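Student: I would like to learn how to read a structure that I have not seen before. Could we go through it together, one feature at a time?

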Amino acid sequence: MGKTSAGTTAFGRLHKKATHKICRRCGRRSFNVRKKYCAACGFGRTSKIRKYAWQTKPLQRTVRIV
Ligand SMILES: [Zn+2]
């Protein structure tokens with residue numbers, strides 16, 4: 001008693017080795033340490049920014065008339 005919750009609850013994230021670190025290019029925590037590339041932007045894997053069409057919602061689909 002008397003102690004704050006800074007103990008046990010915070011220990012949950014210890015022990016695990018971080019698989020992803022902060023990416024130098026996109027700033028997200030998506031840089032895979034083992035594979036040495038960023039899962040979000042593809043840094044370390046490709047010189048181009050990783051980007052897919054399905055990432056963004058299509059602006060407008062033609063309305064299908066049933
Ligand atoms: Zn990145």
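Student: In what order do the 3 strands stand in the open sheet, and is the pairing parallel or antiparallel?

Tutor: As a general idea, the strands of a sheet pair through backbone hydrogen bonds, and the pairing can be parallel or antiparallel. In this model, which is a predicted one, the 3 strands form an open sheet in the order S1-S2-S3, with antiparallel pairing. The edge strands, each of which pairs on one side only, are S1, covering 20–21, and S3, covering 37–38.

Student: How many helices and strands does the chain have, and what pattern does the chain follow along the sequence?

Tutor: The chain has 0 helices and 3 strands, and reading along the sequence gives the pattern β-β-β.

Student: How many bridges join strand S2 to S3?

Tutor: Strand S2, made of residues 31–32, is joined to S3 by 2 bridges, and the two run antiparallel. Across this pairing, Phe31 stands opposite Cys38 in S3.

Student: Which residues make up the largest nonpolar core?

Tutor: In soluble globular proteins, nonpolar side chains tend to be buried together. Here the largest nonpolar core has 5 residues, namely Cys23, Phe31, Cys38, Cys41 and Phe43. If we leave aside residues up to four places away in sequence, Cys38 touches Cys23, Arg25, Cys26, Ser30, Phe31, Phe43 and Gly44. For the chain as a whole, buried residues make up 9% of its 66 residues.

Student: Is Lys21 buried or exposed, and why?

Tutor: Lys21 is exposed because 12 other C-beta atoms lie within 10 Å, and a residue counts as exposed when that number is 12 or fewer. Lys21 has its place in strand S1, and, not counting residues up to four places away in sequence, Lys21 touches Arg29, Phe31 and Val33.

Student: What is the phi of Lys36 near, and where does Lys36 lie?

Tutor: Most residues other than glycine have a negative phi. The phi of Lys36, however, is near 60°, a positive value in a residue other than glycine, and Lys36 lies in the loop between S2 and S3. Lys36 counts as exposed because it has 10 C-beta neighbours inside 10 Å. The C-alpha atoms of Lys36 and Lys21 are separated by 9.8 Å, with the two residues 15 apart along the chain.

Definitions and conventions: Residues are numbered from 1 along each chain as its sequence is written. This is a predicted model: local features need pLDDT of at least 70, side-chain atom pairs count only at pLDDT 80 or more; totals for chains, interfaces and linings use all residues. Helices (H or I, at least four residues) and strands (E, at least two) are DSSP runs, numbered from the N terminus. A residue is buried if 20 or more other C-beta atoms lie within 10 Å of its own, exposed if 12 or fewer, and partly exposed in between; C-beta atoms are placed from the backbone. Two strands pair if DSSP finds at least two bridges between them. A nonpolar core is a set of buried Ala, Val, Leu, Ile, Met, Phe, Trp, Tyr and Cys residues joined through C-beta atoms within 7 Å. Two residues are in contact if their C-beta atoms, placed from the backbone, lie within 7 Å.
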